[in-house]
Amino acid sequence: MTTEAPGAAGKTTTEDTPLLEVRDLHVTYRQGGNDVPAVRGVDFTLAPGDTLGIAGESGCGKSTMALSLLRLQDRGARVEGEVLFRGENLLTTAWSRLRAVRWAGASVVFQGAMSALNPVRTVLDQIVEPIVLHDKVRVSEAERRATELLDSVGIPARRVRGYPHEFSGGQRQRVMIAMALACRPDLIIADEPTTALDVMVQAQILELLAESVRESRIAVMMITHDLSLLAHTCDRLAVMYAGRIVELGPSRQVLQAPEHPYTRALSRAFPTIGDPASRRAPAGLAGDPPRPSRTSVGCDFADRCPDVLPVCRTGEMQLWPAGPGRSAACVRALPDQGGTP
Ligand SMILES: Nc1ncnc2c1ncn2[C@@H]1O[C@H](COP(=O)(O)OP(=O)(O)OP(=O)(O)O)[C@@H](O)[C@H]1O
(Lines give C-alpha, C1' and ligand atoms only; values in the text may rest on other atoms or scores of the structure.)
Protein backbone atom coordinates (compact mmCIF):
# COMPACT_ATOMS: atom_id res chain seq x y z
CA MET A 1 0.00 0.00 0.00
CA THR A 2 1.24 3.50 -0.75
CA THR A 3 -0.20 6.34 1.26
CA GLU A 4 0.80 9.82 0.29
CA ALA A 5 1.44 12.12 3.21
CA PRO A 6 2.64 15.72 3.01
CA GLY A 7 6.20 16.03 4.31
CA ALA A 8 6.94 18.82 6.76
CA ALA A 9 9.34 20.52 4.36
CA GLY A 10 6.85 20.62 1.52
CA LYS A 11 7.64 17.30 -0.20
CA THR A 12 5.49 14.21 -0.27
CA THR A 13 6.54 10.86 1.10
CA THR A 14 5.24 7.39 0.54
CA GLU A 15 5.35 4.51 2.95
CA ASP A 16 7.48 2.67 0.40
CA THR A 17 10.17 5.38 0.28
CA PRO A 18 12.63 5.35 3.17
CA LEU A 19 12.76 8.63 5.05
CA LEU A 20 16.54 8.69 4.82
CA GLU A 21 18.77 6.66 2.58
CA VAL A 22 22.52 7.13 2.91
CA ARG A 23 24.55 5.60 0.10
CA ASP A 24 28.32 5.22 0.02
CA LEU A 25 28.94 8.34 2.10
CA HIS A 26 32.56 9.52 2.27
CA VAL A 27 33.79 12.57 4.18
CA THR A 28 37.41 13.64 3.82
CA TYR A 29 39.20 16.42 5.70
CA ARG A 30 42.24 18.18 4.29
CA GLN A 31 44.93 18.47 6.96
CA GLY A 32 48.52 19.64 6.52
CA GLY A 33 48.34 18.95 2.79
CA ASN A 34 47.02 15.39 3.29
CA ASP A 35 43.59 13.87 2.79
CA VAL A 36 42.20 12.50 6.06
CA PRO A 37 39.25 10.22 5.40
CA ALA A 38 36.89 10.45 8.42
CA VAL A 39 33.91 8.59 6.92
CA ARG A 40 34.65 5.84 4.39
CA GLY A 41 31.67 4.37 2.59
CA VAL A 42 28.71 4.40 4.97
CA ASP A 43 25.32 3.00 3.90
CA PHE A 44 22.09 2.78 5.88
CA THR A 45 18.40 3.59 5.66
CA LEU A 46 15.90 4.95 8.14
CA ALA A 47 12.14 4.54 7.90
CA PRO A 48 9.70 6.96 9.58
CA GLY A 49 9.73 6.33 13.33
CA ASP A 50 13.01 4.33 13.28
CA THR A 51 15.45 4.92 16.11
CA LEU A 52 19.06 4.24 15.18
CA GLY A 53 21.96 4.50 17.62
CA ILE A 54 25.48 5.19 16.34
CA ALA A 55 28.24 3.93 18.62
CA GLY A 56 32.00 3.74 18.45
CA GLU A 57 35.05 5.11 20.21
CA SER A 58 36.21 8.70 19.95
CA GLY A 59 37.40 9.73 16.49
CA CYS A 60 35.66 6.92 14.56
CA GLY A 61 33.67 9.45 12.52
CA LYS A 62 30.25 9.47 14.22
CA SER A 63 29.82 13.25 14.41
CA THR A 64 31.35 13.90 11.01
CA MET A 65 28.97 11.37 9.47
CA ALA A 66 25.89 12.74 11.26
CA LEU A 67 26.60 16.41 10.62
CA SER A 68 27.42 15.87 6.96
CA LEU A 69 23.91 14.51 6.38
CA LEU A 70 22.61 18.09 6.62
CA ARG A 71 25.81 19.62 5.21
CA LEU A 72 26.75 20.93 8.66
CA GLN A 73 30.28 19.49 8.58
CA ASP A 74 33.27 21.80 8.91
CA ARG A 75 34.00 23.92 5.89
CA GLY A 76 36.79 22.37 3.88
CA ALA A 77 35.58 18.80 4.35
CA ARG A 78 34.79 16.98 1.10
CA VAL A 79 31.55 15.02 1.15
CA GLU A 80 30.76 12.39 -1.48
CA GLY A 81 28.00 9.85 -1.94
CA GLU A 82 24.24 10.32 -1.62
CA VAL A 83 22.04 11.42 1.26
CA LEU A 84 18.49 10.93 0.07
CA PHE A 85 15.96 12.57 2.36
CA ARG A 86 12.49 11.62 1.13
CA GLY A 87 14.23 10.84 -2.15
CA GLU A 88 15.96 14.22 -2.49
CA ASN A 89 19.78 14.27 -2.43
CA LEU A 90 20.72 16.75 0.30
CA LEU A 91 24.35 16.79 -0.82
CA THR A 92 23.50 18.35 -4.17
CA THR A 93 20.20 20.12 -3.58
CA ALA A 94 20.04 23.95 -3.67
CA TRP A 95 20.78 25.82 -0.42
CA SER A 96 17.23 27.16 -0.38
CA ARG A 97 15.87 23.58 -0.36
CA LEU A 98 18.38 22.52 2.27
CA ARG A 99 17.30 25.43 4.51
CA ALA A 100 13.70 24.26 4.19
CA VAL A 101 14.70 20.74 5.21
CA ARG A 102 16.73 21.87 8.25
CA TRP A 103 14.46 22.27 11.29
CA ALA A 104 11.23 21.38 9.56
CA GLY A 105 12.39 18.13 7.94
CA ALA A 106 15.35 17.19 10.08
CA SER A 107 16.77 18.92 13.15
CA VAL A 108 19.91 18.44 15.19
CA VAL A 109 20.49 18.33 18.95
CA PHE A 110 24.16 19.22 19.28
CA GLN A 111 26.56 18.20 22.00
CA GLY A 112 27.00 20.97 24.55
CA ALA A 113 23.79 23.03 24.67
CA MET A 114 25.60 26.07 26.04
CA SER A 115 27.52 26.59 22.81
CA ALA A 116 24.48 25.80 20.64
CA LEU A 117 22.12 28.20 22.45
CA ASN A 118 22.39 31.95 22.00
CA PRO A 119 23.45 33.36 25.40
CA VAL A 120 21.78 36.75 24.93
CA ARG A 121 18.31 35.54 23.95
CA THR A 122 15.64 33.98 26.14
CA VAL A 123 14.98 30.29 25.63
CA LEU A 124 11.43 31.14 24.57
CA ASP A 125 12.64 33.44 21.78
CA GLN A 126 15.06 30.79 20.52
CA ILE A 127 12.24 28.32 20.03
CA VAL A 128 9.80 30.88 18.66
CA GLU A 129 12.17 31.88 15.86
CA PRO A 130 12.22 28.60 13.87
CA ILE A 131 8.47 28.15 14.37
CA VAL A 132 7.71 31.61 12.92
CA LEU A 133 10.21 31.11 10.12
CA HIS A 134 9.11 27.67 8.98
CA ASP A 135 5.46 27.47 9.93
CA LYS A 136 4.66 31.10 9.03
CA VAL A 137 2.51 31.62 12.12
CA ARG A 138 2.06 34.78 14.26
CA VAL A 139 4.52 35.34 17.08
CA SER A 140 1.73 34.94 19.67
CA GLU A 141 0.82 31.50 18.26
CA ALA A 142 4.50 30.49 18.09
CA GLU A 143 4.94 31.60 21.73
CA ARG A 144 1.98 29.50 22.77
CA ARG A 145 3.41 26.44 21.02
CA ALA A 146 6.94 27.04 22.33
CA THR A 147 5.66 27.41 25.91
CA GLU A 148 3.71 24.17 25.57
CA LEU A 149 6.76 22.39 24.19
CA LEU A 150 9.00 23.66 26.96
CA ASP A 151 6.44 22.56 29.50
CA SER A 152 6.42 19.07 27.94
CA VAL A 153 10.19 18.81 28.49
CA GLY A 154 9.88 19.97 32.10
CA ILE A 155 10.56 23.73 31.79
CA PRO A 156 7.57 25.49 33.41
CA ALA A 157 5.93 28.55 31.80
CA ARG A 158 7.23 30.90 34.52
CA ARG A 159 10.82 30.17 33.44
CA VAL A 160 10.57 30.42 29.65
CA ARG A 161 11.76 34.04 29.59
CA GLY A 162 15.00 33.03 31.29
CA TYR A 163 18.41 33.12 29.57
CA PRO A 164 20.49 29.96 28.98
CA HIS A 165 22.95 30.69 31.82
CA GLU A 166 20.02 30.66 34.28
CA PHE A 167 19.40 26.96 33.61
CA SER A 168 21.31 23.84 34.66
CA GLY A 169 23.12 21.70 32.08
CA GLY A 170 20.29 19.15 32.09
CA GLN A 171 17.66 21.86 31.63
CA ARG A 172 19.59 23.38 28.74
CA GLN A 173 19.67 20.00 27.00
CA ARG A 174 15.89 19.81 27.53
CA VAL A 175 15.57 23.22 25.87
CA MET A 176 17.61 21.86 22.94
CA ILE A 177 15.23 18.92 22.64
CA ALA A 178 12.21 21.26 22.66
CA MET A 179 13.93 23.32 19.99
CA ALA A 180 14.59 20.25 17.84
CA LEU A 181 10.92 19.27 18.13
CA ALA A 182 9.63 22.80 17.46
CA CYS A 183 8.88 22.43 13.74
CA ARG A 184 7.65 18.84 14.04
CA PRO A 185 10.51 17.35 11.99
CA ASP A 186 10.49 13.84 10.56
CA LEU A 187 14.05 13.19 11.74
CA ILE A 188 16.08 14.27 14.77
CA ILE A 189 19.84 13.83 14.76
CA ALA A 190 21.11 13.87 18.35
CA ASP A 191 24.89 14.14 18.65
CA GLU A 192 25.98 13.17 22.16
CA PRO A 193 22.91 14.93 23.58
CA THR A 194 23.77 14.06 27.16
CA THR A 195 27.57 14.22 27.31
CA ALA A 196 28.82 15.98 30.46
CA LEU A 197 25.60 15.34 32.37
CA ASP A 198 25.43 12.91 35.27
CA VAL A 199 24.19 9.40 34.57
CA MET A 200 20.71 9.83 36.06
CA VAL A 201 20.08 13.05 34.13
CA GLN A 202 21.38 11.37 30.95
CA ALA A 203 18.88 8.54 31.29
CA GLN A 204 16.01 10.98 31.97
CA ILE A 205 16.83 13.10 28.95
CA LEU A 206 17.14 10.17 26.58
CA GLU A 207 13.86 8.77 27.89
CA LEU A 208 12.27 12.18 27.31
CA LEU A 209 13.53 12.21 23.74
CA ALA A 210 12.32 8.65 23.16
CA GLU A 211 8.87 9.52 24.58
CA SER A 212 8.58 12.66 22.49
CA VAL A 213 9.27 10.79 19.29
CA ARG A 214 7.46 7.51 20.00
CA GLU A 215 3.94 8.72 19.31
CA SER A 216 4.79 11.16 16.56
CA ARG A 217 6.76 8.66 14.43
CA ILE A 218 9.76 10.98 14.31
CA ALA A 219 12.86 9.04 13.34
CA VAL A 220 15.91 9.53 15.56
CA MET A 221 19.58 9.04 14.92
CA MET A 222 21.39 9.13 18.24
CA ILE A 223 25.14 9.31 18.61
CA THR A 224 27.01 8.43 21.76
CA HIS A 225 29.97 6.47 23.08
CA ASP A 226 27.68 4.86 25.61
CA LEU A 227 26.21 1.61 24.34
CA SER A 228 24.07 0.98 27.41
CA LEU A 229 22.20 4.26 26.85
CA LEU A 230 21.63 3.40 23.20
CA ALA A 231 20.34 -0.06 24.03
CA HIS A 232 17.53 1.50 26.04
CA THR A 233 16.50 4.16 23.57
CA CYS A 234 17.22 2.85 20.06
CA ASP A 235 15.67 -0.07 18.19
CA ARG A 236 18.70 -0.48 15.94
CA LEU A 237 22.37 0.03 16.47
CA ALA A 238 25.18 0.84 14.05
CA VAL A 239 28.71 0.37 15.36
CA MET A 240 31.38 2.46 13.64
CA TYR A 241 35.08 1.76 13.52
CA ALA A 242 37.66 3.85 11.64
CA GLY A 243 35.06 5.64 9.53
CA ARG A 244 32.97 2.62 8.56
CA ILE A 245 29.92 0.84 9.95
CA VAL A 246 31.20 -2.57 11.06
CA GLU A 247 27.98 -3.92 12.55
CA LEU A 248 24.30 -3.04 12.16
CA GLY A 249 21.19 -4.67 13.58
CA PRO A 250 18.52 -4.68 16.32
CA SER A 251 20.15 -3.12 19.41
CA ARG A 252 19.56 -5.89 21.88
CA GLN A 253 20.72 -8.60 19.50
CA VAL A 254 23.82 -6.64 18.55
CA LEU A 255 24.73 -6.15 22.20
CA GLN A 256 23.77 -9.56 23.49
CA ALA A 257 25.25 -11.57 20.63
CA PRO A 258 27.69 -9.32 18.73
CA GLU A 259 28.93 -10.64 15.39
CA HIS A 260 31.91 -8.29 15.11
CA PRO A 261 34.82 -8.64 17.58
CA TYR A 262 34.98 -4.85 17.90
CA THR A 263 31.33 -4.73 19.04
CA ARG A 264 32.14 -7.51 21.50
CA ALA A 265 34.99 -5.49 22.98
CA LEU A 266 32.86 -2.34 23.06
CA SER A 267 29.91 -4.05 24.71
CA ARG A 268 32.17 -5.50 27.42
CA ALA A 269 33.43 -2.01 28.15
CA PHE A 270 30.08 -0.57 29.24
CA PRO A 271 27.84 -1.32 32.20
CA THR A 272 24.17 -2.15 31.69
CA ILE A 273 21.78 0.46 33.06
CA GLY A 274 20.06 -0.85 36.19
CA ASP A 275 22.54 -3.70 36.61
CA PRO A 276 25.14 -2.66 39.21
CA ALA A 277 26.89 -6.03 38.85
CA SER A 278 27.81 -5.13 35.29
CA ARG A 279 29.52 -1.89 36.39
CA ARG A 280 33.05 -3.18 36.04
CA ALA A 281 36.12 -1.51 34.67
CA PRO A 282 36.24 -1.27 30.86
CA ALA A 283 37.82 -4.37 29.39
CA GLY A 284 39.95 -2.12 27.19
CA LEU A 285 41.24 -2.96 23.77
CA ALA A 286 44.88 -3.46 23.02
CA GLY A 287 46.28 -0.96 20.52
CA ASP A 288 44.72 2.06 18.85
CA PRO A 289 42.40 2.53 15.87
CA PRO A 290 44.33 2.90 12.59
CA ARG A 291 45.49 6.40 11.71
CA PRO A 292 42.84 7.91 9.41
CA SER A 293 45.49 8.95 6.87
CA ARG A 294 46.87 5.45 6.24
CA THR A 295 45.76 3.52 3.18
CA SER A 296 44.28 0.28 4.35
CA VAL A 297 44.24 -3.22 2.93
CA GLY A 298 42.09 -5.85 4.62
CA CYS A 299 40.14 -5.34 7.82
CA ASP A 300 40.84 -2.11 9.75
CA PHE A 301 40.42 -3.99 13.02
CA ALA A 302 42.83 -6.84 12.17
CA ASP A 303 45.75 -5.51 14.25
CA ARG A 304 43.61 -5.39 17.42
CA CYS A 305 41.43 -8.42 16.77
CA PRO A 306 41.73 -11.45 19.05
CA ASP A 307 40.18 -13.67 16.34
CA VAL A 308 42.15 -12.48 13.33
CA LEU A 309 42.52 -14.85 10.35
CA PRO A 310 45.08 -14.58 7.52
CA VAL A 311 42.33 -13.48 5.10
CA CYS A 312 41.54 -10.48 7.35
CA ARG A 313 44.84 -8.87 6.39
CA THR A 314 44.38 -9.21 2.65
CA GLY A 315 40.68 -9.59 1.80
CA GLU A 316 38.16 -6.88 0.96
CA MET A 317 35.86 -6.15 3.93
CA GLN A 318 32.22 -5.17 3.54
CA LEU A 319 29.01 -5.36 5.58
CA TRP A 320 27.80 -8.90 4.97
CA PRO A 321 24.34 -10.18 5.99
CA ALA A 322 24.62 -11.82 9.42
CA GLY A 323 21.13 -13.07 10.25
CA PRO A 324 17.69 -11.42 9.90
CA GLY A 325 18.00 -7.62 9.89
CA ARG A 326 21.68 -7.83 10.80
CA SER A 327 24.96 -7.27 9.06
CA ALA A 328 28.60 -7.35 10.08
CA ALA A 329 31.93 -6.58 8.43
CA CYS A 330 33.67 -9.68 9.73
CA VAL A 331 34.54 -12.80 7.76
CA ARG A 332 33.81 -14.86 10.86
CA ALA A 333 30.15 -13.77 10.66
CA LEU A 334 29.84 -15.50 7.26
CA PRO A 335 27.93 -18.81 7.51
CA ASP A 336 30.88 -20.84 6.13
CA GLN A 337 33.05 -19.42 8.96
CA GLY A 338 30.55 -20.42 11.63
CA GLY A 339 28.48 -17.20 11.71
CA THR A 340 24.68 -16.99 11.88
CA PRO A 341 23.23 -18.35 8.61
N1 LIG B 1 37.52 19.86 11.38
C2 LIG B 1 38.30 18.79 11.26
N3 LIG B 1 39.45 18.87 10.55
C4 LIG B 1 40.24 17.80 10.39
N5 LIG B 1 39.98 16.58 10.90
C6 LIG B 1 38.86 16.45 11.62
C7 LIG B 1 37.95 17.54 11.85
N8 LIG B 1 36.91 17.09 12.59
C9 LIG B 1 37.16 15.79 12.84
N10 LIG B 1 38.32 15.41 12.26
C11 LIG B 1 38.92 14.06 12.28
O12 LIG B 1 37.97 13.17 11.71
C13 LIG B 1 37.93 11.94 12.42
C14 LIG B 1 36.52 11.68 12.93
O15 LIG B 1 36.18 12.65 13.91
P16 LIG B 1 34.72 12.74 14.54
O17 LIG B 1 34.70 13.92 15.46
O18 LIG B 1 33.71 12.70 13.46
O19 LIG B 1 34.64 11.39 15.39
P20 LIG B 1 33.63 10.99 16.56
O21 LIG B 1 33.47 9.53 16.45
O22 LIG B 1 32.41 11.82 16.47
O23 LIG B 1 34.48 11.36 17.84
P24 LIG B 1 33.95 11.90 19.25
O25 LIG B 1 33.16 10.79 19.83
O26 LIG B 1 35.22 12.18 20.00
O27 LIG B 1 33.14 13.14 18.98
C28 LIG B 1 38.98 12.09 13.54
O29 LIG B 1 40.18 11.52 13.07
C30 LIG B 1 39.12 13.58 13.70
O31 LIG B 1 40.39 13.93 14.21
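This is a predicted model: local features need pLDDT of at least 70, side-chain atom pairs count only at pLDDT 80 or more; totals for chains, interfaces and linings use all residues.

I began at strand 9 (residues 187–191), which runs parallel to strand 10 (residues 219–223), with five bridges joining the two. For my notes, strands are DSSP runs of E with at least two residues, helices are runs of H or I with at least four residues, and both are numbered from the N terminus. Two strands pair if DSSP finds at least two bridges between them. Leu-187 sits opposite Ala-219 in strand 10.

Residues are numbered from 1 along each chain as its sequence is written.

Next I checked the other neighbour: strand 8 (residues 106–109) is joined to strand 9 by four bridges, also in parallel. Ser-107 is the residue opposite Ile-188.

Is strand 9 mostly covered or mostly open? I found it mostly covered, with five of its five residues buried. Buried here means 20 or more other C-beta atoms within 10 Å of the residue's own, exposed means 12 or fewer, and partly exposed lies in between, with C-beta atoms placed from the backbone. Leu-187, Ile-189 and Asp-191 point one way, Ile-188 and Ala-190 the other, and all are buried. Side chains in a regular strand alternate between the two faces of the sheet.

Then I turned to an open sheet of four strands, in the order 4-3-6-7, with antiparallel pairing. Strand 3 (residues 20–31) pairs with strand 4 over ten bridges, and Arg-30 stands opposite Asp-35.

I also looked up Leu-255, in helix 9 (residues 251–256). Leu-255 counts as buried because 22 other C-beta atoms lie within 10 Å. Leaving out residues up to four places away in sequence, Leu-255 touches Leu-227, Ala-231 and Ser-267; contact means C-beta atoms, placed from the backbone, within 7 Å. Leu-227 is 28 residues from Leu-255 along the chain, yet their C-alpha atoms are separated by 8.2 Å.

My last entry is on the whole protein. I noted ten helices and 14 strands, and 44% of the 341 residues count as buried. Of the contacts with a separation of 6 or more, 61% link residues 24 or more positions apart.

Key:
Two residues are in contact if their C-beta atoms, placed from the backbone, lie within 7 Å.
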